Amino acid sequence: MHSIIKDKARKYFQESVEIRQHLHRYPEVSYQEYETTKYIKQKLDALDIPHESPLETGCVAILEGEKPSDKVIALRADIDALPIHEEGDAKQALSLKMRA
């Protein structure tokens, strides 16, 4: 089992890095994650994973195994960025957003 997990990790490593880099390149603060939500939905659609959008931003995806079960595992992830203000003199002060 350990080698199967390692093989899968190797297989999806580069794609995972690219997804993380994309999300960090385009940060959006709370309730304004429109492009992030669109990106996530595109990835879910490409994998034929059904999803719902109960709110304007964010989404809920349902993953079901091959064997029916009454057991449930829930995973949750924040997709919003934090507004960051760097202190300094007028020339150096910065206001930006970043995913943390």
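**Labels and the values behind them**

Analyst: Contact here means heavy atoms within 4.5 Å. Keep in mind that this is a predicted model, where local features need pLDDT of at least 70, side-chain atom pairs count only at pLDDT 80 or more, and totals for chains, interfaces and linings use all residues. Residues are numbered from 1 along each chain as its sequence is written, and side-chain values use heavy atoms, with hydrogens and water left out.

User: What pattern does the protein chain follow along the sequence?

Analyst: The order is α-α-β-β-β-β, from two helices and four strands.

User: What makes the protein chain more spread out than a compact globule?

Analyst: Its radius of gyration is 18 Å, well over the 13 Å that the globule rule gives for 100 residues, so the chain is more spread out than a compact globule. The radius is taken over C-alpha atoms, and the rule is 2.2 Å times the number of residues to the power 0.38. Along the principal axes, the C-alpha atoms fill a box of roughly 60 × 35 × 25 Å.

User: Why does Glu28 count as buried?

Analyst: Buried means under 20% relative accessible area, exposed means over 50%, and partly exposed is in between (1.4 Å probe, protein chains only). Glu28 has 12% relative accessibility, so it counts as buried. Buried residues make up 15% of the 100 residues in the chain.

User: Where does Glu28 lie, and what does its side chain reach?

Analyst: Glu28 is in the loop between helix H1 (2-25) and helix H2 (34-46). Its side chain reaches the backbone nitrogen of Glu35 at 3.1 Å. Leaving aside neighbours within four places in sequence, the contacts of Glu28 include Ile79, Asp80, Ala81 and Arg99.

User: Why is Ile62 called partly exposed?

Analyst: Ile62 has a relative accessible area of 40%, so it is partly exposed. This residue is found in the loop between strand E2 (60-61) and strand E3 (82-86). Beyond its neighbours within four places in sequence, Ile62 is in contact with Ile49 and Pro50. Ile62 and Ile49 are 13 residues apart in sequence, with their C-alpha atoms 7.0 Å apart in space.

User: How do you know that Asp7 and Arg10 meet in a salt bridge?

Analyst: A salt bridge needs a side-chain nitrogen of Lys or Arg within 4 Å of a carboxyl oxygen of Asp or Glu. Asp7 and Arg10 come to 3.0 Å, N to O, and that makes the call. They are separated by about one helical turn because they are three residues apart in helix H1. Asp7 is partly exposed at 45%, while Arg10 is exposed at 57%.

User: How many salt bridges does a search of the whole structure find?

Analyst: It finds two. Asp78 also forms one with Arg76, with the closest N and O atoms 2.9 Å apart. Asp78 counts as exposed at 57% relative accessibility, and Arg76 is exposed too, with a relative accessible area of 72%. In general, side chains of opposite charge can pair when their charged atoms come close.

User: Why does Met1 count as exposed?

Analyst: Met1 has 72% relative accessibility, so it counts as exposed. You'll find Met1 in the segment before H1.

Notes:
Polar contact = N/O pair within 3.5 Å; in protein donor to acceptor, adjacent residues only side chain to side chain.
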